[in-house]
Amino acid sequence: MKKGTALLEVKGLRVAVQGNEILKGIDLTLRDGEVHAIMGPNGSGKSTLAQVLAGHPSYTVLAGTATYDGKDLLDMKPEERARAGVFLAFQYPVEIRGITNSYFLRSALNALRRERGEPELDPIDFLQVLEAKLKAIGWDDSMMNRPVNEGFSGGEKKRNEILQLAVLEPRLAILDETDSGLDIDALKTVAETVNKLRSPNRSFLIVTHYQRLLNYITPDVVHVLADGRIVKAGGPELAHELEAKGYDWLRDAAMVS
Amino acid sequence: MAHVEQLVGSYRAWASNGAAQAPTWLKDLREGAIARFHDLGFPNMKQEAWRFTSVAPIAEGSFALAKPPARIPTLEDIRPFLLFEAGYRLVFVDGFFQPALSTPFFDDVQSLAHVVTHRQDLVRQHLGTYAATLDRPFSALNTAFVSDGAFVHVPAKARIAEPIQLLFLATGAKVVTHPRNLVVLEREARAAIVETYASLGEGVYWTNAVTEISAGDGARVDFHRVQRESPRAYHVAATQTHQGRDSTVNLHTVAFGGALARHDIGAVMAGPGGTLILNGLYLLAGTQHADHHTTIDHAADHCESHEYFNGVLDDKSRGVFTGRIIVRPGAQKTDSKQTNNNLLLSPDAHADSQPQLEIYADDVKCTHGSTVGPLDPRALFYLRSRGVSEHEARRLLTYGFAAEILGRMGVASLRAQLDAIVRGRLAES
């Protein structure tokens, strides 16, 4: 595969939350158009990595750097990262009372359009943009007039994240356990949507506990995270190896190192 | 208690002069009520129902009974308050009915003073039947001074398609008005009503209102109440509903105004199969204090009630919510749900939320929940992670808190009017 330029370069990243060090030195390079998977057992720091990259305020960066498109990512506010093309599909999407899904998504899209110097979309123009994206995830617009994620099932919430991904068209999409809690049909829909969005100008960081999503989305690189460190990296075959052998052998390896 | 004596004195003067020609039954009603008020006096904070609210500014203030306005506002003056959808309209200024600004409908949408003589039997049957005065000094005082207000009567099976607007405007200062409203829907009747209290000035005045609503068997009423008094006004009110079998009452209430506002909402579900929605919003800033005291009385079986109250409190404001739900013996299959969420936009804002469930039946479903706190940091991050600025995210979340309540209202032009007020308030903060 032809190597593009580095979109995201993480070096020696150490991160703590409430005084506990969760990430103990992460090095990671994600090039344009690549799909990387981050796998690892519970508590290994996978979600922390995803959230730190999106700018979650609860985490403290102790050391290291993260460079995104030549900029110091860690110095940017969450909204600045989003406007620069970073997107996090949340593991636990948040319910927002009183704001319809449609209004929320249009506000978000218009924030990005303002940044790019493009005219804002009114509700009617927006509906046209939305229609094709809705079809892709198998929704009609009835989900758009409900408050954001309120009363949504687990699967609906995850689909809603993927819908946002499709509408906002980021350069770097981080999927934080988007597959957890999905039945096989929803999983396939999510995977198909992601595969359609794969392009030389878009990179994915897919955080997952299980290998099954990677049956449908073939990653370029699989990283294995254990106890806050990347203990192994390889091609898509590594995911299958993990599925067969579990994580215990890695945890032992991490303890020894 | 000098002020109690003063009010009683002002009643005596009024009763022997301006109100002397009332029918006997009405005089008796008033006499009984003033005696009750005299016995009760003003409530104090040692009483459970008034734990969080001091009425000292009212009890120690001096308010003369309002006189007819020196200058009657023009239609242009009141336009900001009007709903273009409204089919019929009753306008009161300082408590006095204004025929020139109103569009009544025969004797069915009329001033109470008019129908007290023209539809005496009907009024007598309902007036004072629902709103308790036994332990309610303010309602007793209102009943003593009952003279005018809005009257809405919807005959059996009739449906009034367009909303009816009841508008109470204050222009005076140092005065008290006692608006008294009566809404009667006969069996299977249907109507939507919007009751608005507003001010044309910035004066210190006191509104002491009572509204009684009776929904007959199978009737449906969508009742909206908007309190946007002067920020220096005192507003005390009671809204009491009474429901027959299989009836629906949707009661929406919004409180924006007043230095001190107390609203007692009582709902009696007297017949089986009734549905009730109490949907309320209070949006306060500065040193405003608003107290909502709700009582839902499940007196019959197979009724459902849903209560949603959201408070948005900025600066040093204080919001009080009490949600009492009584399920009487035999009111089986009651389904009752109550939520009260309070958003504190400032560290000096304060909210008190107390559910009071009294359940005397065993086969019922009753849930309640309340929250008091600042904006959810998870929601803030969620919005920011989508490119929305922190400032805009705060505004959006706060707006959503209010919009959740407004969204349940069926009258589109009212929703738009209130939405604009909410957006205006948020733009200031």
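Axes are lines fitted to C-alpha atoms, for helices over the stretch in contact, and angles run from 0 to 180 degrees between N-to-C directions. The model is predicted: local features need pLDDT of at least 70, side-chain atom pairs count only at pLDDT 80 or more, and totals for chains, interfaces and linings use all residues. Residues are numbered from 1 along each chain as its sequence is written, and chains are lettered from A and ligands numbered from 1 in the order in which they are written.

Helix 9 (residues 390-406) of chain B packs against helix 10 (residues 412-428) of chain B, with axes that come within 10 Å and cross at roughly 155°. Helices here are DSSP runs of H or I with at least four residues, strands are runs of E with at least two, and both are numbered from the N terminus. The two helices are therefore roughly antiparallel (under 35 degrees is roughly parallel, over 145 roughly antiparallel, 65 to 115 roughly perpendicular, the rest oblique). Helix 9 of chain B contributes Arg395(B), Thr398(B), Tyr399(B), Ala402(B) and Leu406(B) to the contact. Among the residues of helix 10 of chain B that take part are Leu418(B), Val422(B) and Leu426(B). Contact requires C-beta atoms, placed from the backbone, within 7 Å.

Helix 8 (residues 377-384) of chain B also meets helix 9 of chain B. Their axes come within 9 Å and cross at roughly 125°. Helix 8 of chain B is thus oblique to helix 9 of chain B. This crossing is right-handed. Ala379(B), Leu380(B), Leu383(B) and Arg384(B) form the helix 8 side of the contact.

The largest nonpolar core has 186 residues. Such a core is a set of buried Ala, Val, Leu, Ile, Met, Phe, Trp, Tyr and Cys residues joined through C-beta atoms within 7 Å. Helix 9 of chain B gives the largest share, 9 residues. Domain 1 (63-375) and domain 2 (376-429) of chain B both supply residues, so the core lies between them; the bounds come from an automatic or database domain assignment. Ile174(A) and Ala402(B) are among the residues with the most contacts inside the core.

Arg328(B) lies in the loop between strand 18 (318-327) and strand 19 (335-344) of chain B. Arg328(B) is partly exposed, with 17 other C-beta atoms within 10 Å (20 or more is buried, 12 or fewer exposed, in between partly exposed).

Key. Two residues are in contact if their C-beta atoms, placed from the backbone, lie within 7 Å. A crossing is left-handed if the near helix is turned anticlockwise from the far one by less than a right angle, and right-handed if clockwise.
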